[in-house]
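Thanks, everyone. Let me put the model up and walk you through a few spots.

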Amino acid sequence: MMVSSEEAVVAAEIWMFDLDGVVWLANDAIPGSAAAIRDLQASGRLITFFTNNSFSRRADLLAKFAAHDIGCEDSQLFSSAEAAALLLKEGERAFVLGGGGIEEALSARGVELVGTEALASGAKVDAVVVGLDLTLQFARSSQERGSSARTTTPPIRPRMGHYREAVRYWRRSRTRRERPQWWRVSLTRRRPISCVDEWGK
Amino acid sequence: MVGDRPETDGKFAERLGAKYAMVRSGVTPPGVAVTDPVPDFDASDLAALAKAVLSSKS
């Protein structure tokens with residue numbers, strides 16, 4: 001006889017699936033996953049997909065579903081980029097340290113994106129939204145090595161701490177030329193928002 | 001919530017008050033004990049999970 005928690009899983013009508021490691025592994029299909037999702041959907045269960053990949057744009061994610069022969073409507077897909085966007089209101093201004101998925105989600109929410117040039121000119125923002133960002137990786141890894149050598153490093157999982165470390169690192173840079181434009185991020189309200197991407201597993 | 005990583009997918013389920021079905025096709029290999037949170041369902045992969053769920057009489 002099954003324990004009650006297993007029965008509750010069996011009885012669940014709404015199913016949420018993580019993507020990487022569940023539906024696929026990086027770009028490879030996990031054998032049987034596509035059929036399993038189809039069978040669960042055919043049984044009348046509501047299927048949704050949740051990912052903490054904020055980097056990818058929706059069209060790219062939906063194309064990946066299609067490539068794996070898994071039906072996923074636009075309304076079935078939720079990402080950490082959209083979750084972050086819900087923390088902002090229409091008309092607010094945000095600076096993004098992250099991928100196109102975040103920019104897309106914020107724009108859809110009616111949030112104004114402030115670019116690095118505007119920041120360099122002293123523009124204020126309501127929030128800094130942080131996700132996987134290669135600039136942050138570089139700054140963080142450089143700080144750890146105590147040098148500004150331009151080398152590539154394995155991706156890290158971004159958290160707000162990385163953003164703060166990166167800002168501190170660039171503040172210590174000796175010359176203005178070494179600093180990226182975003183180092184001088186200016187906040188009207190201190191309101192950092194992090195999309196914690198699962199990355200590089 | 002079906003996921004492979006207890007500290008993200010499992011905690012997400014816990015936060016929502018949803019059940020957590022864990023699959024061992026990603027970062028958590030078969031045989032590794034998982035306690036935080038304890039999965040409500042533990043399966044080798046999605047195919048095994050769907051088979052168990054759809055063949056259940058409950």
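Start with the aromatics. A search of the whole structure gives six aromatic pairs over all chains. A pair here means ring centres of Phe, Tyr or Trp (its six-membered ring) within 6.5 Å; planes under 30 degrees apart are stacked, over 60 edge-to-face, and the rest tilted. Take A:Trp24 and A:Phe65: they are edge-to-face, 5.0 Å centre to centre, with 65° between the planes. That pair links distant parts of the chain, since A:Trp24 sits in strand E2 (residues 24–25) of chain A and A:Phe65 in helix H3 (residues 58–67), 41 residues apart. Helices (H or I, at least four residues) and strands (E, at least two) are DSSP runs, numbered from the N terminus. Both A:Trp24 and A:Phe65 are buried. Buried is under 20% relative accessible area, exposed over 50%, partly exposed in between, with a 1.4 Å probe and protein chains only. A:Trp24 and A:Phe65 also belong to one aromatic cluster with A:Trp15, A:Phe17 and A:Phe49.

A word on ground rules. This is a predicted model, where local features need pLDDT of at least 70 and side-chain atom pairs count only at pLDDT 80 or more, while totals for chains, interfaces and linings use all residues. Residues are numbered from 1 along each chain as its sequence is written, chains are lettered from A and ligands numbered from 1 in the order in which they are written, and side-chain values use heavy atoms, with hydrogens and water left out.

Now chain A overall. Chain A has eight helices and nine strands. Of its 201 residues, 45% count as buried. Contact means heavy atoms within 4.5 Å. Among chain A contacts between residues at least 6 apart in sequence, 66% join residues at least 24 apart.

A:Leu97 is in strand E6 (residues 93–97) of chain A. Is A:Leu97 buried or exposed? A:Leu97 is buried, at a relative accessible area of 2%. A:Ser79, in strand E5 (residues 77–79) of chain A, is buried too, at 11%. Neighbours within four places aside, A:Ser79 touches A:Thr51 and A:Asn53.

On to chain B, helix H1. The buried residues of H1(B) are B:Pro6, B:Asp9, B:Gly10 and B:Ala13. Down the helix axis they fall within an arc of 105°, so they line one face of the helix. That arc is taken from the directions from the helix axis to the C-beta atoms. What covers these buried residues includes strand E1 (14–18) of chain A, plus strand E1 (2–3) and strand E2 (21–23) of chain B. Just after H1(B), B:Gly17 has a positive phi of about 75°.

Look at B:Asp9, in that helix, residues 6–16. B:Asp9 is buried yet has no salt bridge, and the nearest side chain of opposite charge, B:Arg5, is 6.0 Å away. For charge, Lys and Arg are positive, Asp and Glu negative; His and the chain ends are not counted. A salt bridge needs a side-chain nitrogen of Lys or Arg within 4 Å of a carboxyl oxygen of Asp or Glu. Sequence neighbours within four places aside, the contacts of B:Asp9 include A:Asp18, across in chain A, and B:Tyr20.

Last, the interface. Chain A and chain B bury about 2,200 Å² between them, 70% of it on carbon and sulfur atoms. Buried area is the accessible area (1.4 Å probe) lost when two parts are put together, summed over both. In chain A, A:Val9, A:Val10 and A:Met16 lose the most area to chain B, together 23% of what that side buries. The contact takes 30 residues from chain A and 28 from chain B.
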